[in-house]
Amino acid sequence: MNIRTISTRPRGTAALVLLPALALTACGSGGTAGTGPVGAQSSAPTDDPVAAVREVGSVAALLPADVRKAGTLRIGSSIGFPPGAYYPDGPGKPPAGQDIDLTDAVAKVLGVKAVRQDASFETILPALGSGKYDVGTGNFGVTTQRLKTVDFVTYINDGQGFAVKKGTTTLKKKVTDLTQLCGLTIGTGAGTTFETTLTAQKDVCAKAGKKPYEVKVYSENGATLTALQQGRIDVIMSTINGLRYQASQPAAQTAFLGEYHRLDVGFAFKKGSPLTKAFQAAVNELIEDGTYARILKKWGTTASAIDTSQINPPEHT
């Protein structure tokens, strides 16, 4: 689905080459389970806005009969990027985050159980087509390219941004044009919109008469942050909410360089899935009853709230 400019993909061992004092939780887009990289708080907020959510019969009735009978939804979940989804207490313990709460709340409205399976970010969308998962979560941005093969039900508005190591003189201001990155090395996640954007615009530097930027792609978010801290990359391109959250954690030692491009973010489904109308109705139910606002407030993402959920909206330009 996405063309990769560089195929180097450091795996778990790279993500664990960390300073002991910073061995916390991953920050970045498209993390995988089983790592404990740096840059997040060591515990999650304790309030539980999902606890009071109950099944809504009229919404649950929108589910296909076989799903209602089974009583479960198979969720392919990319975990490793607070505040979206991460392991506040380490691998083997329950995940937490905005995406976790929203998925669980939607499942409760629908009267089914969310059966979550950890998966690497870049594998989830292809696996939807094969039927391995019913739903994919992982801060998936709605893009024109993805809409060709995947259906989306939106739940927040996030997007693309940049961050650098705190105190660096490489970049000091908001990135508004990719020519500002010419001559630099950019770290980003495998299979993400960031990788696609950087690849699609790889000629901007040559056109401007400047040295090209280099892209290094990582399958684990902790590896990306570690590379930044160790000077192997100059800048990270990732989600607005994630980079903003990361910069608020002193251990990460990063500085957020602002929003570059906004995108709707949604639950992902195989093309033509019969689940989309039920999910849309469930998200809108949560918006209407106030649960949605309480979840976003819990995770500090209120600025990404949407007024109503949509199925397959066009990509923001």
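Helices (H or I, at least four residues) and strands (E, at least two) are DSSP runs, numbered from the N terminus. This is a predicted model, in which local features need pLDDT of at least 70 and side-chain atom pairs count only at pLDDT 80 or more, while totals for chains, interfaces and linings use all residues. Residues are numbered from 1 along each chain as its sequence is written, and side-chain values use heavy atoms, with hydrogens and water left out.

Let's start with helix α10, which runs over residues 276-289 and has 14 residues. From its first C-alpha to its last, α10 reaches 20 Å, close to the 20 Å expected at 1.5 Å a residue; the expected span is 1.5 Å times one less than the number of residues.

Which residues of α10 are buried? They are T276, A278, F279, A282, V283 and L286, where buried means under 20% relative accessible area, exposed over 50%, and partly exposed in between (1.4 Å probe, protein chains only). These residues cover an arc of only 165° around the axis, which puts them on the same side of α10. The arc is that of the directions from the helix axis to the C-beta atoms. An α-helix has 3.6 residues a turn, so residues three or four places apart point the same way. On the other side of α10, K277 and E288 are exposed.

Just after α10 comes G290, with a positive phi of about 95°. Helix α11 (residues 291-299) has its own set of buried residues: T291, Y292, I295, L296, K298 and W299. This set spans an arc of only 155° around the axis, which puts its members on the same side of α11. The cover over the buried residues of α11 includes α4 (98-110), β4 (150-165) and α10. Just after α11, G300 takes a positive phi of about 70°.

**The nonpolar cores**

A nonpolar core is a set of buried Ala, Val, Leu, Ile, Met, Phe, Trp, Tyr and Cys residues joined through side-chain atoms within 4.5 Å. The largest one here has 38 residues, and L73, V106, L110, F267, L275 and F279 touch the most other members. Two or more residues each come from β1 (72-77), α4, β4, β8 (254-270), α10 and α11. Of these, α4 gives the most, with six residues. A second, separate core has 19 residues, including L178, C182, L184 and V217.

**Salt bridges**

A salt bridge is a side-chain nitrogen of Lys or Arg within 4 Å of a carboxyl oxygen of Asp or Glu. How many does a search of the whole structure find? The search finds six, and the table shows some of them.

| Pair | N to O distance |
|---|---|
| K298 and D101 | 3.0 Å |
| K271 and D151 | 3.0 Å |
| R244 and E259 | 3.4 Å |

K298 lies in helix α11 and D101 in helix α4, so this pair ties together parts that are 197 residues apart in sequence. K298 is buried, at 15% relative accessible area, and D101 is buried as well, at 9%.

K271, in the loop between β8 and α10, and D151, in strand β4, are 120 residues apart. K271 counts as partly exposed at 42% relative accessibility, whereas D151 counts as buried at 7%.

R244 lies in helix α9 (residues 240-247) and E259 in strand β8, so they tie together parts 15 residues apart in sequence. R244 is partly exposed at 36%, and E259 is partly exposed at 26%. Salt bridges with shared partners join R244, E259 and R262 into one network.

Methods: Contact means heavy atoms within 4.5 Å.
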